Amino acid sequence: MKIIIIGAGQVGATLAENLANEDNDITVIDPDLTRLRELQDRLDIQTVEGSGSHPAILAQAGCNDADMLIAVSNQDETNMVACQVAHTLFKTPTKIGRVRSSAYAGYPELFNDQALPIDVRISPEKEVTKHLSRLIRYPGALQVMEFADGKVQLVVVKAEKGGPLIDQPISFLREHMPSIQTRIAAIYRDGKSIKPDGNTCIRANDEVFFLTPQRDVLDVMSELRPLDTPYRRIIIAGGGNIGERLAHSLEKEYRVKIIERDLERCRYLSENLDSTIVLNGDASKKELLLEENIESTDVFCALTNNDEANIMSSMLAKVLGVRTVMTIINNPAYVDIVQEGMIDIAISPQQTTISSLLSYIRRGDVVNVHSMRKGAAEALEAVAHGDMRSSKVVGRSIAKINLPEGATIGAVVRGDDIILATGDVVIQAEDHVIIFVSNKKQIPAVEQLFQVGLTFF
């Protein structure tokens, strides 16, 4: 695809890197020439210096024959105008815009072809909030991803001694819990992928990816590690957009406190949140954390815009006795370093946002994508169309589908029914098929499986 990306910040740069590695024709627009040069030094892409909302700049970038425009600059207004210009002057088929401000969220009628023609609105803050909320609801999970409108969850946990399945073959799970639906989709041991079968034994410290209906998540987790007690007390460091959204989503079920340095923002938060306690102060101050009983707090979420402040306050909270630390880190270079230390879960807003974008970029009818392991692996939900003549999957049993190496079908969702994948399950038209791909280089081959041949038409 020919794709124009507006904005060479963290999201735009990470997106360009992901898409350029998939043989797309990428052009990045940004007014900062230094950023563009840094991108060109390490990626095979085109760059254009200037404002992405200016018609001449879009024309220079080749917008007249682009398949897609993705506007992810730091300015909502620039993104919205860029989509408008691309629609009006260049008839760009797909326009994706980042709209961060909650001031626009309450007016969905603004976003249509007769007003602001943005086909897909993305909000990093919204995506990160959903990600954090799922992690808080499942203590001990490293990642929780939803498919088929939440009917199926793909959960990542680190196996620990004390779990009944440790040192047992996977087939033991079905014998031990015959009423539970689950499928182990992948195992990573010492950083290397293992394709699991019934005879594979799970070891302590394995990173295990399993698919299961939402109702069974905790039961399956209990087989892989001793279950953590549910979280109750949450402290959020940073009352920006993400902190506010997270507090709003949690405050009915949990005891939530926000620590925010800016007094005016504190006043705003106290007026707009219901039961959340808002504290004016610095979350990196030991005395403040001790006053707020950090040692009896279940989760400390560091959500400011400053990576260094997030890391330091998280480390301090961990030393003072908080159970679990979740930290937003924008600089990818920091993520690996901090996850080896005191920080339990490091969250990259860029990777979280990219997951929400990939479903619009994938070929075939792909309706949901989750990027994992820093973009090296993906789990995707594809809809099967056609018939036996026009499709490579419809009418075939899973055992007879020519899946590329490293790809595993984990589950099939047929209407309201969840069918965990076995070799004799036959794919039907309109099934939602959930596939785990451990090697991202195999994604094009998976996409081709779900593309309908000409005989369908």
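Trainee: Which residues does Glu 378 touch, not counting those up to four places away in sequence?

Mentor: Good place to start! This is a predicted model, where local features need pLDDT of at least 70, side-chain atom pairs count only at pLDDT 80 or more, and totals for chains, interfaces and linings use all residues. Residues are numbered from 1 along each chain as its sequence is written, and side-chain values use heavy atoms, leaving out hydrogens and water. With contact meaning heavy atoms within 4.5 Å, Glu 378 touches Glu 22, Leu 358, Arg 362, Val 369, His 370, Ser 371, Met 372, Ile 435, Phe 436, Val 437, Lys 440 and Ile 443.

Trainee: Is Glu 378 buried or exposed?

Mentor: Glu 378 lies in strand β19, residues 377-383 (strands are DSSP runs of E, at least two residues, and helices are runs of H or I, at least four, numbered from the N terminus). Buried means under 20% relative accessible area, exposed over 50% and partly exposed in between, with a 1.4 Å probe and protein chains only. The relative accessible area of Glu 378 is 0%, so this residue is buried.

Trainee: Phe 436 was among those neighbours. Which residue forms an aromatic pair with Phe 436?

Mentor: Rings of Phe, Tyr and Trp (its six-membered ring) pair if their centres lie within 6.5 Å; planes under 30 degrees apart are stacked, over 60 edge-to-face, and the rest tilted. The partner's ring is 5.1 Å from that of Phe 436, centre to centre, and the 55° between the planes makes the pair tilted. Phe 436 sits in strand β22 (residues 432-437) and the partner in strand β11, so parts 227 residues apart in sequence are tied together. The partner is Phe 209.

Trainee: Which residues do ring pairs link into a cluster?

Mentor: The structure holds 2 aromatic pairs. In one of them, the rings of Tyr 188 and Phe 209 have centres 5.5 Å apart and planes at 55°, so that pair is tilted. Tyr 188 is buried at 6% relative accessible area, and Phe 209 and Phe 436 are both buried as well. Together the ring pairs link Tyr 188, Phe 209 and Phe 436.

Trainee: At what angle do helix α6 and helix α14 pack?

Mentor: Pro 124, Glu 127, Val 128 and His 131 in α6 meet Pro 349, Thr 352, Thr 353 and Ser 356 in α14. Angles run from 0 to 180 degrees between N-to-C directions, along axes fitted to C-alpha atoms over the stretch in contact. The axes of α6 (residues 124-137) and α14 (residues 349-361) lie 9 Å apart, and the helices pack at about 100°.
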